[in-house]
2 protein chains.
Amino acid sequence: MSSVILGMGNGKALFGNAVVSDNDLIRFVEPTEAAINAFDLSVLRGDGIFEATMVWGGFPISLENHLKRLAHSAKLMDMPAPNIAAFTRAVNLVIEAYPDHESGQTMRIIVSRGLDSSTGIGMDAPATPTVFIFLDGKAPLHNLTPLSMMSVTRGYPSDIASRAPWLLNGAKTLSYAMNCAIHRECARRGIGDAVMITEDDYTLECPNATIIAQYDDLFVTPDPRIGILHGTSQRELFAWALQEGKRVAYEKLPVEELREADRLYMAHGGWVIPVKELDGEQYEVDAAQAQDINDAIHSGRTHDDALSIAPTGDYEF
Amino acid sequence: MSSVILGMGNGKALFGNAVVSDNDLIRFVEPTEAAINAFDLSVLRGDGIFEATMVWGGFPISLENHLKRLAHSAKLMDMPAPNIAAFTRAVNLVIEAYPDHESGQTMRIIVSRGLDSSTGIGMDAPATPTVFIFLDGKAPLHNLTPLSMMSVTRGYPSDIASRAPWLLNGAKTLSYAMNCAIHRECARRGIGDAVMITEDDYTLECPNATIIAQYDDLFVTPDPRIGILHGTSQRELFAWALQEGKRVAYEKLPVEELREADRLYMAHGGWVIPVKELDGEQYEVDAAQAQDINDAIHSGRTHDDALSIAPTGDYEF
């Protein structure tokens, strides 16, 4: 049975050390009804962070890496540190409440800084993050249909993350208006998705996904230290590649080099999707390989290995 | 009596031509209770637009210019055009519902694209914008205490708005996480506010305000066509200046020139606030002039003239 489950989290327990009962940790509410205060900073300022993944057969893909990244975003946003054990328990309570996991559901974890303390409603409220988690079996899941893509400038030079932390590059914030605008631009041009690049022509990320280039048996993705998210599904892909005896690398990746790939993949939400075209240039699609990678991710085969995958060594801006 | 009034707008009437009764146009709700759906695009994506001003003695400062700018933001965001007459009526209904206007209140108009159509809750819903308007007499108003400021890079070159409309420069979106981050950076450094600059050292705007430089009897502000908001309070200041026989100009303003000003002002929310320091450099504060400008704005003296103030001629990126 497909449905949508919405659980409102206990911000104090999820960002503190108090241990509370299940019912005090997550309170299930009717998802069609209003659950958020108009003075919440998610509503007024996009001032919060989030994670999105997929639950496959009751198993949340890359959950540990998502929660690790949530903690990283919280740090970049000067928010308190999430209690990972409490978040894990909350996520599992939401999953347990779902009626039937057969068909796969999208999951989102949303955290805002709380009520806006510059308003009369928020000024005397305790600074407790607002948290909710939903499991959505009604929204369409991704699939393996090969994508056309275009590159668009992000407007920044490649060293900006080292100089301007207030731009929040690398934090997964709720301020997604620009990401949405890029997707509208894609739709206008009849293109499936976009990859953002720097003003000095280095590869960044997609509006809600990671880009990966394959050269023979080497898989390359932009080093997140350039100021982008560290892809969770990309780490699952890298785990698959290493299990298959292939090589992987994080690089400061010029767009010119991206274009020279044998194959391109876009990864997000527990899916790795083949790219058939970038800026009008055609790329080979290996449907069998794409299926293999996704099967490995969805079956949990890559889960453990993906936890330890990360760029190593120094990074030069 | 200070309070907070929250009115939920009728998105269909405010973004269409249907004429509805007062009660159908704005529905007053308890501001401490949940009024927004968790799947609203304001919550999930910061995907919406807003305006903020002040109501002084029952009079909404610069309302026409705010609604004009809301329409401009809607266009940049590919949203439908707001019905300005309906919005004006809705704003006035909210003001009429407020118990006592003596002490001044902040007003915000919030619009999101509606429910997220990529979720099971939003997918079958009509694409109707979510609108709410609040009047907040409990939050502190601005005042004329001179500000210290610092410059921070926005990370963009000065011609980016001409090349990358998907970055939404010049739209007042709900995606304000970066603006909030700059204010946290200011607080960390013990600085009052910031002015953003381009990578090639042109002056932009403040996180939620406009910067104005005074040279003798000339008032200069950055031309909004660089990709910033057209300041409403700045237009009121320009109207005051013209009434006083002074000169005004919109310019592509190098930071070097900004630094050479005799005086600096930051303008927002119906207030023009003197700046006493920028990047450690001290500036003369003319408290009497600051008071004059604000009195002219708050008494409505500048209102009509401000409506027609705008940059003229071509703009070179």
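How many bridges join strand E1 of chain A to E7(A), and do the two run parallel or antiparallel? The legends below, which describe a predicted model, begin with this pairing.

**View 1. Strand E7 of chain A and the strands that pair with it.** Strand E1 (residues 4-9) of chain A is joined to E7(A) by 6 bridges, and the two strands run antiparallel. Within this pairing, A:Ile5 has A:Leu135 as its bridge partner. Strand E6 (residues 105-112) of chain A also pairs with E7(A) in the antiparallel sense, in this case over 7 bridges, and here A:Arg108 stands opposite A:Phe134.

**View 2. The two covered faces of E7(A).** In a regular strand the side chains alternate between the two faces of the sheet. On one side of E7(A) lie A:Thr130, A:Phe132, A:Phe134 and A:Asp136, on the other A:Val131, A:Ile133 and A:Leu135, and all of these are buried. Because 7 of the 7 residues of this strand (residues 130-136) are buried, E7(A) is largely enclosed by the rest of the structure.

**View 3. Helix H5 of chain A, from its start to its buried residues.** At the start of H5(A), a side-chain oxygen of A:Asn83 comes to within 3.1 Å of the backbone nitrogen of A:Ala85.

**View 4. A:Phe87 in the largest nonpolar core.** This core has 100 residues, of which A:Phe87 and B:Phe87 touch the most other members. Leaving aside residues up to four places away in sequence, A:Phe87 touches A:Leu14, A:Phe15, A:Leu67, A:Leu70, A:Pro82, A:Ile109, A:Val111 and A:Val131.

View 5. H4(A) (residues 63-76) has 14 residues and reaches 20 Å from its first C-alpha to its last, close to the 20 Å expected at 1.5 Å a residue. Among its buried residues are A:Leu67 and A:Leu70, together with A:Asn65, A:His66 and A:Arg69. After the helix comes A:Asp78, whose phi is positive, near 55 degrees.

**View 6. The contact between chain B and chain A.** Chain B contributes 61 residues to this contact and chain A contributes 61 residues. The area buried between the chains is about 5000 Å², with carbon and sulfur atoms giving 61% of it. B:Arg45, B:Trp166 and B:Arg184 supply 15% of the area that chain B buries against chain A, more than any other three residues.

Note on methods: Residues are numbered from 1 along each chain as its sequence is written. Chains are lettered from A and ligands numbered from 1 in the order in which they are written. This is a predicted model: local features need pLDDT of at least 70, side-chain atom pairs count only at pLDDT 80 or more; totals for chains, interfaces and linings use all residues. Side-chain values use heavy atoms; hydrogens and water are left out. Buried means under 20% relative accessible area, exposed over 50%, partly exposed in between (1.4 Å probe, protein chains only). Helices (H or I, at least four residues) and strands (E, at least two) are DSSP runs, numbered from the N terminus. A polar contact is a pair of N or O atoms within 3.5 Å; within protein, one must be able to donate a hydrogen and the other to accept it, and residues adjacent in sequence count only if both atoms are side-chain atoms. Two strands pair if DSSP finds at least two bridges between them. A nonpolar core is a set of buried Ala, Val, Leu, Ile, Met, Phe, Trp, Tyr and Cys residues joined through side-chain atoms within 4.5 Å. Contact means heavy atoms within 4.5 Å. Buried area is the accessible area (1.4 Å probe) that two parts lose on being put together, summed over both. The expected span of a helix is 1.5 Å times one less than its number of residues.
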